[in-house]
Amino acid sequence: MVQGLGAWGQQPSSIIATCPPLPTGVTSVTVLDSQGRYVGRIPPQNRYWATLDRIPGFLQQALLAVEDSRFYEHSGLDYRSIARAAMKDVLKGRMAEGGSTITQQLIKNKFLSSARTLDRKIEEAKLAMEFEKTYSKQQILEMYFNEIYYGNGAQGIVQAARLYFDKRPEELNEGECLLLAGVPKNPSRYNPFGKPSDVAGRRDVVLKRMEDLQLITPQRRLALQAHGAATRPLGQAPQYLAQIRAQLIGRLGAAAVEQGGLEVIAAMDLDLQRLAEQTLKEGVKRLSPGLQGALVCLDPTTGDVLAAVGDAEGTASAINRAFVSRRQPGSAIKPLIYANALEKGLTAASLWSDEAVAYEAGPGQTWKPQNYGREEFGELSLRQALAHSGNIITVKVLETVGVPSFVNFAGKAGLTLPAQNGLSLALGTAEVTLKDLVQAYTPLANAGMKAEARTILRIYDRRRQTWIENPPAISQAMSPAAAFITTQMLKDVLTYGTAKSLRPFSQGRPSAGKTGTTDNGMDAWFVGYTPNLLTGVWIGYDQPRPGGKGFTGGGVAAPIWERFMTKAVSSRPTLDFPMPETVVVRSIDPTTGLLAQEACPQKQDEFFVSGTEPVEPCATHGLEPLPQEETIPR
């Protein structure tokens, strides 16, 4: 019995696999953008075992040449290599890692620590010799190929072949074998996705060693060195691909996705995706080290996710900030409250007091909401309150509308909010994903129709040669009138409100949007849209902490939105939001919200849901009302 070898030492010699055998036909899922351009692929996630007869003989030769050329001659230890390594240790004055056989490497990786100590080396040597008494050379080599780490999460030759070349081990050509043979020396440096000069240099070392051992001729070495091998990158947009994988599993099941053989046509526009990645990366880099961000861009009429970035560096991450991570949206939730209020009969012109009020918050406790900057605006219209993102008035509006009504209203827009949060929902205390928040704005941009966010347009099953369509999911979330008037109110956010830095953009393109900033400046949001493009941006730290002075939705998220949208809309037609027949326009005195008179010093055209428009003239400045025209004033 081999001491310390655990389950391996207790199995018959014919049973060495520690994961299922590689089945036939397992392939990656290929993802193309909406125009048929290659985006990337989703490889199988499970580990599989490849028997030695499925591992190319050339790969076996290359690996043994560079790692353990006397593998079939020694009994677990190569004393010549140990002697050479010892001389290097003496010359360098430290313990080097040279001299290890394939068997020793397998033992170290599977059972021992990587500490460079004499005790560990002695234990490794003892176990290696016992291991060779238990298993044949072929079994040990097979174990090595299937257990060794190949970098980038690839454990074993099956995952490595799939990850780097999208092949099964037996399909690898000689150039690909050479690259993989060089990886175990330093997986993080020499893996095929590594720095090209390092990877090529390591390949040349493998080739030279094979020539020295007369496994190949000098002419063959030069030919292989010149030919090279091309990897097949996983592709771009790792968070987008992760979402597609989750959607495929939800629709087809995990087994079907693992088997592969699928070609996915994504809703992505690859040009916009690249623009989003670049804009977010550059924008976050300008702000502060350690910051993260996300950006999601939708077509508001179909819900197509045209671009989604869930990492400011554009790299694969365990955190998908675009689709999965949940954070408080702050004031970015407010447009839905105001749209709900319009449906309840309130108007953009109605005046509300900004005076603070206290609410019961439990036995002997009160809650007194404050405006973000502790400002006091006095009396404001709902239009002004939304533009300035007033907290106090918004809480009062939610109280009037009713929390249950708003929770139901938000649910129709795609946001599931906890009613138990009560009036604090007005301040965005319920956590949401960026994708869901952006999706909830689609009714505002699309005449009240919610378009469910869609990453997959259609799926082609190569095995069955059939297409699976995924049509848009559109539903009525609010009235066209409420959507239109809320959008007209949100236009002011970009002209004199909390995102007034976007005024130049809004002057060139009809656009609307809303900032969001959570308590102590921990999360900064901006969600904005034109009639044909809707984009949301989130900026913050993964471990929530204050962003510092000026860390607001208008200060950090809106500028990134503007840089992205300026280029994104440049090739799209300039359109305005169409006014529905259920909306009327009246000239009012904004200080009273009543019909304007000749004597009124201020006059403003305002939009109303038909039936809620004022009918009384302003009595403060005169008695003769101005003639009213039901036209769009801008």
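Is Asn152 buried, exposed or partly exposed? Asn152 counts as partly exposed, at 47% relative accessibility. The cut-offs are these: buried is under 20% relative accessible area, exposed is over 50%, and partly exposed is in between, with a 1.4 Å probe and protein chains only.

Before I go on, this is a predicted model, where local features need pLDDT of at least 70, side-chain atom pairs count only at pLDDT 80 or more, and totals for chains, interfaces and linings use all residues. Residues are numbered from 1 along each chain as its sequence is written, and side-chain values use heavy atoms, with hydrogens and water left out.

Back to Asn152. Its place is the loop between α6 (137-147) and α7 (157-165). Helices here are DSSP runs of H or I with at least four residues, strands are runs of E with at least two, and both are numbered from the N terminus. The phi of Asn152 is near 55°, a positive value in a residue other than glycine. Most residues other than glycine have a negative phi.

Gln465 also has a phi near 55°, again positive and again not in a glycine. Gln465 sits in the loop between β11 (456-461) and β12 (466-469). Gln465 is exposed, at 60% relative accessible area.

Now the cysteines. Cys618 is buried, with a relative accessible area of 0%.
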